[in-house]
Amino acid sequence: MNTSKEDILPPNERAFTGHIGNTYKDSSPVWPQAPKAAADAPHVLVIVLDDLGFGQSSAFGGPIRMPACERLAREGLRYNNFHTTALCSPTRAALLSGRNHHSVGFASISELSAGYPGANSYLPRSAAFLPEVLKHHGYNTRAVGKWHLTPSSEISAAGPNDRWPLGLGFQRFYGFLPGETDHWHPMLTCDNHRIPVPEREGYHLSEDIAEQAIRMLRDQQQVASGKPTFTYLAFGAPHCPFHVDVSYIDRYKGQFDQGWDKVREETFLRQKAMGLIPQDAVLPERNPGIKAWADLSADEQRLFARMMETFAGFVEHTDEQIARVLDALDALDMTDNTLVIFMSDNGASQEGGPHGTTNTERFRNVVPMSVQEMLAEYDLIGGPHSDVHYPAGWGMAGNAPFKRWKRDTHRGGNTDPFIVRWPARIPDPGAIRQHYLYVTDIYPTVLEAARINMPRVVNGAEQKPLEGLSFLATLSDASASTGRKVQYYEMLGSRAIWAEGWTAVTWHLSGRDWDSEPWELYHQDQDYTQAHDLAAQYPDKLKELIDLWWQEARKYQVLPLDDRGREKAIDPTRPKVMQQRQRYTYYPGTSPVPFGSVPRLIGRQHAIQATLDMPDTKAEGVLICEGAATGGWSLFVKDGHAWYVHNCLHMACYVLRSDKSLLPGRNVVRFEFDPFNAPPGGATISSAGRNELSGHVAELGRGSGRLLVNGEQAASLDDIRTAPLMYSFVVEGFQIGRNWGTPVAYQHYQGAFEFSGTLQQVEVLLL
């Protein structure tokens, strides 16, 4: 992609080309002209699914029905050699910036950023996002769905909003900012402000996302018909929690009873029959740590099959929403000249661990669930009172025919379904392309399709070169070359490099010495699935590739290698939007305060004090809460009494209720917590809890609590159990005067339970 000699400037800052005389009579006006796209510039629709493995969709030989994706495949092209970074935020950053994820500071997800240039999650202005360039060349730009590209210190209402969607080139945004949300009760942002959680009956986020995308397309076309639009449609599905109506789950009843080994083999055979993979491809052995399905107990098989039925129903439901958007393109007569790109951000996930979970908050706290605990919630799976993730064995099957999972640099982590449809430009719809593509290649391809040269300067910032390569020529010519020779990979310490058909890869176990870990070598042009390790046979080739990896790592600011996980999320050196202090004051009617902007209370002595006015003894509602039904705490008023409920990861609820009623007028309600044997500054994460499949379990926190009303003790508990590490890691943190989303104290109130009295303020004190 060539670089333009012209800088991008807004119309009102360009040189005036008319004539200025003494009066208007001897002057020539020229109005600032909005930029115009090329006459044949296509509309662009990028559809991103979250955690969909290469072998899960029926369009790629999988067991899950996705007729909309099959339609895209029939009318477009499937690429069987498309690669991502193996994790959500890094892939999205690479897609929208056209640069490698370390080049733009996204070594990992934003919540696990570190203070190094390649890992700080602060997107540089020298890597303008694709919509920023497109809008300066006549496009309208819209983003709907998942974002997950804002530093956690900037995600609150205090901003800054520079790295929110509207600060990075999108003109409209509707969706959620963190990495996941409850699909029944999502925490939503519209443009630059939070909006209430939708409460209408039958609501589902995926349906809402599709509706918003369609509405934006219609709004744009009815006024600016013919003006091209760029729509980034990023579903939260099928990332956990797996939320879908039971009618979709029951569509797959019994279809996974044969287990993950058989499903994986069946997918592999279908992929060969469809011509998606080479006929001589070999299915690698079962992933390490995964039991044979036949070796599981009857209870395990019953539970795990239901989890997979839920995931499949979740995916099919998402596909129906994609179909609605495609139908809208048809109705708007936009289909022929719309470049549609369908992809997943990484491979199927291992994050459910060996047994899966019905409470992902426990996964984050390294407190796995037993099969019997989950069976007790069997009938709730998929519904509004569940937070489901399947076992890693289903992720293995979903990544067929490849090894390993999301977060790994083997092909199971980074080789993903990819479809391109552009009826006006694809002469052989339904074909399969084998070109080696990387996620950064989408950016230059869209620019070339729109006949736009990458500008030298955008909004005053000198631009670093694009690191992707256009594959536009391959749409019309199966023999065309993209020119790609090499691509490095690094994710959470695991590394790989592809160079002209060869791949070297090493899997890293967190906490283990990098130098001690063996590298594997594959001739990928001849060994599509990475089934035959040639490291011992070709040591010189392996050394050559390892040396090349280090060269690329230094070139693209991959170093230093960093395998820390949750401990980075609570690193005290992380940027904070609030000043570090002992007292924090919050007010009603404000936006939720996210995890990255709240004081850390787990494992440390603290007090929570609310000042309120009771018009009468019937006033009730939440004063302050953190978390959701999966875990957290809530201070509220009900039946005229003050309550504090600590929901320990949905395992137990510890309840303090004042022994006397609050009186009409001013009241001060205070909760105090004293931890047992807490380390300075709160809980920490040891290396033992780093690897989810390692079998280590974190210890729950413990402490005593007391509830005071107007200075007098009103209730106490000697032993309160808390999460070991955190609450609300990827959802909202503190909420004042209400409980949007699922209720923390679900046994005691429902809905938002907004306080009906007058809440003056809430103070949180670190003692």
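## Salt bridge Asp428–Arg433

At 27% relative accessibility, Asp428 counts as partly exposed. Its salt-bridge partner is Arg433, and the closest N and O atoms lie 3.0 Å apart. Arg433 is buried, at 2% relative accessibility. The model is predicted, and side-chain atom pairs count only at pLDDT 80 or more.

## Salt bridges across the chain

The whole structure holds 40 salt bridges. One of them joins Arg71 to Asp330, with 3.0 Å between the closest N and O atoms. This pair links distant parts of the chain. Arg71 belongs to helix α1 (residues 67-75) and Asp330 to helix α7 (residues 298-331). The two residues are 259 residues apart. Arg71 has 16% relative accessibility, under the 20% limit, so Arg71 counts as buried. Asp330 has a relative accessible area of 35% and is partly exposed.

Arg251 and Glu316 form another salt bridge, with the closest N and O atoms 2.8 Å apart. Here too, distant parts of the chain are linked. Arg251 sits in the loop between α5 (246-250) and α6 (260-273), while Glu316 is in helix α7. They are 65 residues apart. Arg251 is partly exposed, with a relative accessible area of 33%. Glu316 is buried, with a relative accessible area of 9%.

## Helix α7

Helix α7 has 34 residues. From its first C-alpha to its last, α7 reaches 50 Å. That is close to the 50 Å expected at 1.5 Å a residue. Of the 34 residues, 24 are buried, so α7 is largely enclosed by the rest of the structure. Both Glu316 and Asp330 belong to this helix. Just after α7, Asp333 takes a positive phi of about 60 degrees.

## Thr445 in helix α12

Thr445 lies in helix α12 (residues 442-449). Thr445 has 2% relative accessibility and counts as buried. Leaving aside residues up to four places away in sequence, Thr445 touches Leu469, Ser470, Phe471 and Leu472.

## Aromatic pairs

A search of the whole structure finds 35 aromatic pairs. Among them is the pair of Tyr438 and Tyr489. The geometry is edge-to-face, with 5.5 Å centre to centre and 85 degrees between the planes. Tyr438 lies in strand β13 (residues 437-438) and Tyr489 in strand β17 (residues 486-491), so the pair ties together parts that are 51 residues apart in sequence. Both tyrosines, Tyr438 and Tyr489, are buried.

Elsewhere, ring pairs link a cluster. Its members are Phe129, Trp147, Phe170, Phe173, Phe230 and Tyr232.

## Charges over rings

Arg65 lies over the face of Tyr252, at 4.3 Å from the ring centre. Arg404 has its charged end over the ring of Trp507, 4.2 Å from the centre.

## The six-strand sheet

Six strands form an open sheet. Their order is β22-β31-β24-β25-β26-β27, and the pairing is antiparallel. At the edges stand β22 (593-594) and β27 (652-657). Each has a single partner strand, so one side of each is left without a neighbour in the sheet.

Within this sheet, strand β24 (residues 621-628) and strand β25 (residues 631-638) run antiparallel, joined by seven bridges. Gly627 has Gly632 in β25 as its bridge partner.

Strand β28 (residues 665-675) runs antiparallel to strand β29 (residues 701-709), and seven bridges join them. Arg706 in β29 is the bridge partner of Glu672.

β29 also pairs with strand β30 (residues 712-722). The sense is antiparallel, over eight bridges. Leu707 stands opposite Ala715 in β30. The hairpin of β29 and β30 has two residues between the strands. In this hairpin, Asn710 takes a positive phi near 55 degrees.

Note on methods:
Residues are numbered from 1 along each chain as its sequence is written. This is a predicted model: local features need pLDDT of at least 70, side-chain atom pairs count only at pLDDT 80 or more; totals for chains, interfaces and linings use all residues. Side-chain values use heavy atoms; hydrogens and water are left out. Two strands pair if DSSP finds at least two bridges between them. Helices (H or I, at least four residues) and strands (E, at least two) are DSSP runs, numbered from the N terminus. Rings of Phe, Tyr and Trp (its six-membered ring) pair if their centres lie within 6.5 Å; planes under 30 degrees apart count as stacked, over 60 as edge-to-face and the rest as tilted. Buried means under 20% relative accessible area, exposed over 50%, partly exposed in between (1.4 Å probe, protein chains only). A charge sits over a ring if NZ of Lys or CZ of Arg is within 6 Å of the ring centre and within 35 degrees of the ring normal. A salt bridge is a side-chain nitrogen of Lys or Arg within 4 Å of a carboxyl oxygen of Asp or Glu. Contact means heavy atoms within 4.5 Å. The expected span of a helix is 1.5 Å times one less than its number of residues.
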